[in-house]
Amino acid sequence: MADPSQKGIVDEVSNKVAAKVSADVGKEVEKQVGAEISSQLTDKVTKALIREVIEDDRTGLDAATLRRAIADNLYYVQGKFPGIATLNDYYMALAYTVRDRLLQRWINTIEKYHTKDARMVGYMSAEFLLGPHLQNNLINLGILETLDQACKESGLDMNTLIEVEEEPGLGNGGLGRLAACYMDSLATLEIPAIGYGVRYEFGLFDQTIKDGWQVEVTDKWLNYGNPWEIRRPEVTFQVPFGGHTETYTDEKGELRSKWVPSRVVNGVAYDTPILGYKVDTANTLRLWKAEATESFDFQAFNVGNYIGAVQEKVFSENITKVLYPNDDSWEGKQLRLKQQYFFVSCSLQDIIYTQLRRGDTLDNLHKNYTLQLNDTHPSIGIPELMRLLVDEHDIQWDQAWSITSQTFAYTNHTILPEALERWSVPLFKDLLPRHIEIIYEINRRFLAEVAVRFPNDKDLLGRLSIIDESGDKFIRMAYLATIGSYSVNGVAALHTELLEKYVLQDFYKLNPEKFSNKTNGVTPRRWLLLSNPPLSKLISDKIGTTWITQLDDLKKLIPLADDKEFQKQWMEAKFAVKKRLSLYVKENLNLDIDPTSIFDVQVKRIHEYKRQLLNAMQIMAFYNRLKKNPNLDMTPRTFIFGGKAAPGYVMAKLIIKLINSVAEVVNNDKDINGKIKVIFLPDYNVRFGQRVYPAADVSEQVSTAGKEASGTGNMKFALNGALTVGTLDGANIEIREQVGEENFFLFGLHTNQVLALKEQGYNPREYYQNNSELKMVIDQLASGYFSHGDTNVFKPIVDSLMNHDEYMLCADFQSYLDCQDQVDIAYKDKSRWAKMSILNVANMGKFSSDRSIREYCEGIWKVQPVVVDLKDYDQQAAGLTVRPEELPKA
């Protein structure tokens, strides 16, 4: 410790240190003041002060160091100088600069987990809808403003470069975005974890709108490379497909089964660091790319068979070409199953390799790893782990099953019958002949146990069987996941209740201790801090910044909800992001929208149960009211839609066409005097959401009660101050409980009412005949009013509404209109609306993904945080030193 009398010298040197930015400052300090310091201060203080000005270009965080790093990466990675560099070059230089800082934390994290032998969470998901990396990483590193300064001093605009980044095409909707939020929270909470998925070469698709119809365009997200990933060719595993099995007797005299595949594919790892918020933990997202074991047949090429020479390469790489290939055909279904098995097999082989490399046995696999199945897509992992343990590692069946059933945990994400994954037994057997044997054996043993417990209930065995034999034989993957996992959870309170009462009721009766609820959550870092700078700044100025990692602290806003000045500031912040979205719409769609109007938003995957059609029908009803009375006292409202329909989902694509057809009529009718406007924003993705969620005044969460598992869009809207118009479905119920019934616009039938009405014999025509506004809307659809007189375009919608109405739009129509009238009344009272908006945000603490992950850690995974301490940069120790025992053998 330096003597107090030396404080002046320390301050003098500190000022000199702070004033220096060049690479040779360290030498300059030593030359000018080193002798004086060394005679009066300890060597430790001297080194600390000198080290302060010698920041490594790869790890330093001050503006001057970042400027040098950007220049270095432009020259030495991109190979460009400013005179010929493109915007993408500058973006890549910026991205590599940030990635270097991630790598420092990432390598420290991996090393910490390796030395501590930490229990790991393996999060297995077919989707990871990450969103753009750059800005999120800048926020998590805490250098957003510093890098902005470095860019300005370099003549660059950081925000322009942020927009250059291509969004990773690794997910579709809520399932993939939830996985991304959970990866963010796992790192922020310093939980040892690794995400496993597929490195799709092409994403779902880019959506354009032509003549009102969705047109799918190839999502070439990797066209200019991905600076955030690192290819690991040494981490490659072989994955077999097809062929047949053979039985043989091993050296112990036991009957065994051997898989003789017809094809083998390589799975190559691509790693991406996922950094937590202002911590030094960076977990790994490991995605697998399929490659041929032999990518080029030289002999075939030499005899002129040029296509045959690369046939194996094409076959192999097709597996990871596209996210969710259309599975209407046998080939499409087979490709989907290949994708799922491929990434699960690679991931399990990787885990086994790591377990053995750490010097442990496979008997302890479940003690060191817990593997979370994000829906049924990775549930093929259960028979695959059994195959690897029994066939490849000679572990007895009972022991292998004990390990397997204590390793996996299963999250169910749907109760829709068509979404509960089932695979045809012939298709499955053709592709995975060994696994069908293992599944049948799992099923046989499980049903034998059930028969012992319930000898008098013969029907129970058929209801619990993994194999559905009611017609053509199918494998019920949700049943396989439930039987093979030590935990099963739903993702909202109502969803879990429905699982226990209906979808998996027999399994719940067998093992109620397996079941729990873990309501979904979203990361406040991306969905408020990053997406909504005006509102997050206002919140932080008033209550501090602890809410960013402790979202319950937003409750500190509650006392401010009646403060008129704060209400004014709140609505000004909301207006700023509404103006931002208005400018975006003008620049990209050449449409003028009024930011003073109510922004009424429904953006999500297009599906009949999500009822975008009901929303379109209420717009038609409002339009008809205005046509009848142009002077109607109605607050101007802009209806904003967005979302993609699966390429093979005909009705969903027709709903998109209808929305655009209604927009064409409404937006061009001068009689309604601009009181309503309708827009469909194409190409819904994460960046899209970052623009739209903050700008919404009204959040449309209108799914049929009992159909939505949870939803997370509802949380993102409410977190940004939008008021929810919703049914009692999914997480809407819990949002309403948290924000208060008076701050939520409720409509529609409840789940029990939906079920009761269907049991009684629901007849949509009765509603059509007894409701004049509903009748007019359906008649207009049938007459071609919104389709230039073409009566055939929307005939499937009319037929569905009149004859089936599976999702009960007619039954909820009037309640929905009445609810929207209440929205209009509330919005006219600006103070009331501002208060409701503030209280929505203030009470959203429960819906942080941090809370969700804590509940998984405590209630399911039994995993503890591992704090990663970043090693300070030491120039003397910066050189590589490899101990002889660490040197790999040639």
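What share of the contacts in the protein chain with a separation of 6 or more comes from residues 24 or more positions apart? Such residues account for 76% of these contacts, a contact being heavy atoms within 4.5 Å. The structure is a predicted model, in which local features need pLDDT of at least 70 and side-chain atom pairs count only at pLDDT 80 or more, while totals for chains, interfaces and linings use all residues. Residues are numbered from 1 along each chain as its sequence is written, and side-chain values use heavy atoms, with hydrogens and water left out.

The protein chain holds 37 helices and 22 strands, taken as DSSP runs numbered from the N terminus (helices H or I, at least four residues; strands E, at least two). Its radius of gyration is 30 Å, close to the 29 Å that the globule rule gives for 890 residues, so the chain is as compact as a globular protein of that length. The radius is taken over C-alpha atoms, and the rule is 2.2 Å times the number of residues to the power 0.38. Along the principal axes, the C-alpha atoms fill a box of roughly 95 × 85 × 60 Å.

Of the 890 residues, 58% count as buried (under 20% relative accessible area, 1.4 Å probe, protein chains only).

Strand β19 (residues 676-681) is mostly covered, five of its six residues being buried. Strand β18 (residues 637-642) runs parallel to β19 and is joined to it by six bridges; strands pair if DSSP finds at least two bridges between them. I640 has I679 in β19 as its bridge partner.

Conventions: Buried means under 20% relative accessible area, exposed over 50%, partly exposed in between (1.4 Å probe, protein chains only).
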